[in-house]
Amino acid sequence: MAAHEGAAADGAAETTLKMTARDVRVFYGAFEALKGVSIDVTKEDVTAFIGPSGCGKSTFLRCLNRMNDTVAGARVEGRIELDGQDIHDPAMDVVQLRARVGMVFQKPNPFPKSIYENVAYGPRIHGLAAKKADMDVIVEKSLRRAGLWDEVKDRLSDSGTALSGGQQQRLCIARAIAVNPEVILMDEPASALDPIATAKIEELIDDLRGRYAIVIVTHNMQQAARVSQKTAFFHLGSLVEYGDTRQIFTNPRETRTKDYITGRYG
Amino acid sequence: MTEAVQTAAPTLWSSPAMQARIRRRYRSERLFKGLGLASLALACGFLLFLLASVILSGWPSFRQTQILVPVSIDAGRLGVTAAEAKADPERLRRANFQGVVQDAVDKSVGDAVPLVSEGAWLALREAVEADPALIGTHKDMWLIASSNLDQLAKGRIDLAAPEGDRPVNDQEIAAWKQLEADGKLRTAFNRTFLTAADSVDPELAGVWGALKGSFLTLVVTLLISFPVGVLAAIYLEEFAPKTRWTDVIEVSINNLAAVPSIIFGLLGLAVFLNTMNMPRSAPVVGGLTLALMTLPVIVIASRAALKAVPPSIRDAALGIGASPVQVVFHHVLPLALPGMLTGTILGMARALGETAPLLMIGMRAFLTSVPQGLAQPATVLPVQIFIWSDNVSRGFVEKTSGAILVLMAFLLAINSLAIYLRNRFEVRW
């Protein structure tokens, strides 16, 4: 299928499916925000969702870890699977699902606690560390993976909110990594950051690729082209085109995709 | 349309009409500032006047006039010897101290007019109970003066008025002048006022009973209304589905906060006393009644505090797999707690000053003993003030203001404590 074509084009190893969505519809009251989206998320790739504002890409992202459950009046239909298991199945614990499918938000939202506590909170509630020493290891490893360790190692007890915007966002990524997720969802993670901080986040995403399946929503098409291997273009609540990033940006099949990418609208 | 824009005349910023408009704008600004300043000055003036008048008239209640009386503690008159007193404290307690003091007073200052308080012997009993070896010895004691003498010594009685119009007769005035001349009078700190309960004699009346009653009542109120109010607010704000029923509950809570407090008193009377047969006049019932009154205030303040917590914190915690209860108790509640405490302080301050609902459940009884428990009859400070202000006796006038001072000090103390706690819990953002 498309996934295999993409892998072949990249010359990379064969890809495996991590999440699949089939005919996902989201309603806010009577309004249909998402009109039947089907997509496969692969384990090895970074998948980017692009599209104009209000196209449903963030809504769809929030379906993948059931964050839409917390929105009053929102209703989700369709089937979403994580490793072949339906995430809406009563046997699937939503709290565990969100630990396995982590999330990084548009605005950096560290807890108003110390940097250490920010990272340690997730492992603590899931009981991932038995001793303080184990926790120290998890915190250091997560901060190193998020590329923040060298900047904060001497002030782990400072408040997470005292960091700069870019550092805060990397702290949020470290916090998500700390619970050892399988998938990381990023909702426009760099849109509130300056270009240098953005570059660091993009580098970080590239470093994390392969270890975690990553899905990123972005407004910035250059960013999608830089960091992702797969791109999905959303418009007016529908998935218009999904494929290899290179193919989408160089040879889109749909005129709507082409118009958006060339800046006709959006 | 573009043509209209191009041909429009440029704005004449210096035209007289424009200048007049600017002047008018500045004038209204000056007027508004002036009015604001005037109302602030007026409010401060009222407050100062109130404080000054309460302090001036209440201060003397903390001073007490005492008479020097040499007392011979005779074992025969007392009816108990030193050895017996040591062996049986209960017998000592029932000994004839009144007789001993009466003899001493008759001998030294005469019994023509009542100069020493009827409760003066209590001081002797206290002294002998502390040291039974005093029995059989002589002791010079400063005994509490009667209320009339006290008022004379404090200069609060108009001596120029004709005898029939003033509460003291000429004989008492003569005795006072004699005592003064002999150096047998002094004014000391009024321990009785801070340690005793109510009494028919102003010089023996104190606020401790009412203060303790207020404290016990507020403890019950706080223990009930804070947890119940906060939990109700958390459930309504964080967990309850938004349905017609939650709307009805919300409107009801808002309305309850505006219900006159005496209605809650009637409710307490009907439910706690008449239906549940709880003890009359007891702090536990007062506390429950005031808790009903305070609950809506705390629920409303707590919900506002929860609403003010940014949703991004909830998302962050949910996003790493915290359960809804963990989100609330680990993240939302710590951030909302300062706001909740502020609402609770306001509610408690109101409860502390509340009189009407407590009258309904019988907390206006005349009580000469300090309450020892939650189920014993008690009164509270505002009710005590209300009772004393009704009393015609001169000595109670200063006691009324004195009790107001104690009430304000108590209020200030619990508010300071609450503010200290709030600042400790406050998370730097």
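What is the mean pLDDT of chain A, and what percentage of its residues reach 70 or more?

1. Confidence in chain A. The structure under review is a predicted model. Chain A has a mean pLDDT of 89, and 94% of its residues reach 70 or more. Residues 1–12 of chain A have a pLDDT below 50, and this stretch makes 15 contacts in the model beyond near neighbours in sequence. Where pLDDT is low, the predicted coordinates should not be read in detail.

2. The interface between the chains. In the model, 22 residues of chain A are in contact with 17 residues of chain B. On the side of chain A that touches chain B, at least two residues come from each of α3 (94–100), β6 (101–104), α4 (115–125) and α7 (165–178) of chain A. Of these contributions, that of α3(A) is the most, at four residues. By class, this side of chain A comprises eleven nonpolar, eight polar and three charged residues.

3. Surroundings of Ile87(A). Ile87(A) lies in the loop between β5 (85–86) and α3 of chain A. There are 21 C-beta neighbours inside 10 Å of Ile87(A), and the residue therefore counts as buried, the threshold being 20 or more. Apart from neighbours within four places in sequence, Ile87(A) has contacts with Arg66(A), Ile80(A), Glu81(A), Leu82(A), Met92(A) and Leu97(A). Thr47(A) is 40 residues from Ile87(A) along the chain, and the two C-alpha atoms are 20 Å apart.

4. Domains of chain B. The domain assignment divides chain B into domain 1 (59–189) and domain 2 (208–425). Taken over C-alpha atoms, the centres of domain 1 and domain 2 of chain B are separated by 43 Å. Contact between them involves eight residues of domain 1 of chain B and seven residues of domain 2 of chain B. The side of domain 1 of chain B that touches domain 2 of chain B consists of three nonpolar, three polar and two charged residues.

5. A sheet in chain B. Three strands of chain B form an open sheet in the order β2-β1-β3, with antiparallel pairing. Because β2 (138–144) and β3 (185–189) of chain B each have a single partner strand, they stand at the edges, and one side of each is left without a neighbour in the sheet. On average, neighbouring strands of this sheet are turned by 40° against each other, direction ignored.

6. Strand pairing in detail. Seven bridges join β1 (residues 63–72) of chain B to β2(B) in the antiparallel sense. Leu68(B) has Trp142(B), in β2(B), as its bridge partner.

How values were computed: Residues are numbered from 1 along each chain as its sequence is written. Chains are lettered from A and ligands numbered from 1 in the order in which they are written. This is a predicted model: local features need pLDDT of at least 70, side-chain atom pairs count only at pLDDT 80 or more; totals for chains, interfaces and linings use all residues. Two residues are in contact if their C-beta atoms, placed from the backbone, lie within 7 Å. Ala, Val, Leu, Ile, Met, Phe, Trp, Tyr, Cys and Pro count as nonpolar, Asp, Glu, Lys and Arg as charged, and the others, Gly among them, as polar. pLDDT is the predictor's confidence in each residue, from 0 to 100. Domain bounds come from an automatic or database domain assignment. Two strands pair if DSSP finds at least two bridges between them. Axes are lines fitted to C-alpha atoms, for helices over the stretch in contact, and angles run from 0 to 180 degrees between N-to-C directions. A residue is buried if 20 or more other C-beta atoms lie within 10 Å of its own, exposed if 12 or fewer, and partly exposed in between; C-beta atoms are placed from the backbone.
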